[in-house]
Amino acid sequence: MRKLQNIMVTGGCGFIGSNFIHYLFEDTGFDGRVINVDKLTYAGNPANLVRIEQKYGGTRYFFERVDIVDFDALDAVFDKYDIDTVIHFAAESHVDRSIHGPKAFIRTNVLGTFNLLEQARKRWRPGDGRHFHHISTDEVYGSAEPGDYFYETTAYSPRSPYSASKAAADHLVRSYANTYGLSTTVTIASNNYGPYQFPEKLLPLMINNMLEEKPLPVYGDGMNVRDWLYVGDHCSAVWMVAVHGKSGQTYNAGGENEWTNIELVQRLCGIMEAKTGKTPGHYKRLITFVKDRPGHDRRYALNCDKIKKQIGWKQSVDFEEGLDKTVDWYLNNRQWVENVKTGEYREWIRKNYSI
Ligand SMILES: NC(=O)c1ccc[n+]([C@@H]2O[C@H](COP(=O)([O-])OP(=O)(O)OC[C@H]3O[C@@H](n4cnc5c(N)ncnc54)[C@H](O)[C@@H]3O)[C@@H](O)[C@H]2O)c1
């Protein structure tokens, strides 16, 4: 078991990173410091962490607006806080954006990860208790045939610039354990859902479009299969592996909860119709099939036996409960969605961080 104290969380203002920081302070008994390193791209929103900032800001929570591609800026942060752990979420994360502009993905996901590893290698020594945990995606494995599952031993076959950049980063992380004895672990997760997700992603996009009575765009025939993991369960997997995982190892953490996109959207329509008092079918009529994404993987499916047996992790939120909580969160946080959509939070950033 590792005692992790001065934790650099990269990408802590994004969807999963901000959920993770809440989880760490509020659900784990963690008593150290978190240094949130985030460049604040379009997807980074410091307003996600107001509660943490108010309670722990300046004592146990620190924010550093740094681009992980900037080696010198990272150097200063490692020194300033005597970082003993990196939990690395920061990434360009949207597949559609990677199709239209892959360069930013290579820059942040590959070069940024390399820089963090180099910073760790410069300071840390094998066996000194310091640790590097990297967060990856099931998309690195490629597309699964019906009935097949991805194991940690499955050969990588990334098929979009996003998944290729994540695969490159995973390989780099593992190579640093093997070559330099750096203590590293990797978790590979399936599609996350929950609060604070940027509204370009499937669930918040659909909820939002329903509220605005806009079309609900579904790619191709809607039969692509995704495995859905509640973000809180992803956070617990990351933490448990960072603390207990064996160095050099990778652990799959999925929801074991597969749905075709069309089934998911229809189910969401039903929940929204019930919650907003609309007649059954009211939102379903908005479903619109659109031209498929190029190279769209048909199915992802993770086998999670290893993390369950070796680490003792399991999912704690079933899909019904998770969807219910997620829909409630977006209905109760309309202002958050509006601010993100209108760019008002950019104004907030400018004021609070003098940018
Ligand atoms: N969202 C999912 O369903 C999912 C599933 C599996 C794995 N993952 C992985 O989890 C991680 C987090 O995903 P997310 O959905 O929270 O992403 P996100 O896009 O919501 O957040 C990414 C964060 O990283 C920051 N960032 C981007 N480039 C940066 C840079 N160069 N320097 C510093 N910060 C930078 C952004 O400002 C943002 O706060 C990613 O590594 C992603 O590949 C995501």
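**Figure 1. Phenylalanine 62 in strand β3.** Phenylalanine 62 sits in strand β3, which covers residues 61-65. The model shown here and in the other views is predicted. With a relative accessibility of 17%, phenylalanine 62 falls under the 20% limit and therefore counts as buried. Leaving out residues up to four places away in sequence, phenylalanine 62 touches Arg33, Val34, Ile35, Asn36 and Tyr81.

**Figure 2. The largest nonpolar core and isoleucine 87.** The largest nonpolar core holds 60 residues. Phe20, Tyr61, Ile87 and Trp239 have the most contacts inside this core. Another core, of 41 residues, lies apart from the largest one. Among its members are Ile83, Tyr251, Ala253 and Ile307. In soluble globular proteins, nonpolar side chains tend to be buried together.

**Figure 3. Aspartate 82 in the loop between α3 and β4.** Helix α3 spans residues 71-81, strand β4 spans 85-88, and aspartate 82 is found in the loop between them. Aspartate 82 is not a glycine, yet has a positive phi of about 45 degrees. Its relative accessible area is 43%, so aspartate 82 is partly exposed.

**Figure 4. Glutamate 213 in the loop between α7 and β8.** This loop links helix α7 (202-211) to strand β8 (216-219). Glutamate 213 also has a positive phi, of about 55 degrees, although it is not a glycine. With a relative accessible area of 36%, glutamate 213 is partly exposed.

**Figure 5. Serine 160 in the loop between β5 and α6.** Strand β5 covers residues 131-137, helix α6 covers 161-180, and serine 160 lies in the loop between the two. Its relative accessibility is 12%, so serine 160 counts as buried. Serine 160 touches Val95 and Ser98, with residues up to four places away in sequence not counted.

**Figure 6. Threonine 342 in helix α12.** Helix α12 runs over residues 334-342 and includes threonine 342. Threonine 342 has a relative accessibility of 53%, over the 50% limit, and therefore counts as exposed. Cysteine 269 is 73 residues from threonine 342 in sequence. Their C-alpha atoms are 25 Å apart in space.

**Figure 7. The protein chain around these views.** The secondary structure comes to 13 helices and 12 strands. The radius of gyration is 20 Å, close to the 20 Å that the globule rule gives for 355 residues, so the chain is as compact as a globular protein of that length. Along the principal axes, its C-alpha atoms fill a box of roughly 60 × 50 × 40 Å. Buried residues make up 56% of the 355 residues. Among contacts between residues at least 6 apart in sequence, 83% join residues at least 24 apart. The accessible surface is about 14700 Å², and carbon and sulfur atoms account for 51% of that surface. The chain has 43 positive and 44 negative charges, whose mean positions are 2 Å apart.

Definitions and conventions
Residues are numbered from 1 along each chain as its sequence is written. This is a predicted model: local features need pLDDT of at least 70, side-chain atom pairs count only at pLDDT 80 or more; totals for chains, interfaces and linings use all residues. Side-chain values use heavy atoms; hydrogens and water are left out. A nonpolar core is a set of buried Ala, Val, Leu, Ile, Met, Phe, Trp, Tyr and Cys residues joined through side-chain atoms within 4.5 Å. Buried means under 20% relative accessible area, exposed over 50%, partly exposed in between (1.4 Å probe, protein chains only). Helices (H or I, at least four residues) and strands (E, at least two) are DSSP runs, numbered from the N terminus. The radius of gyration is taken over C-alpha atoms; the globule rule is 2.2 Å times the number of residues to the power 0.38. Contact means heavy atoms within 4.5 Å. Accessible areas come from the Shrake-Rupley method with a 1.4 Å probe; for residues, only the protein chains shown count as cover. Lys and Arg count as positive and Asp and Glu as negative; His and the chain ends are not counted. The place of a charge is taken as NZ of Lys, CZ of Arg, CG of Asp or CD of Glu.
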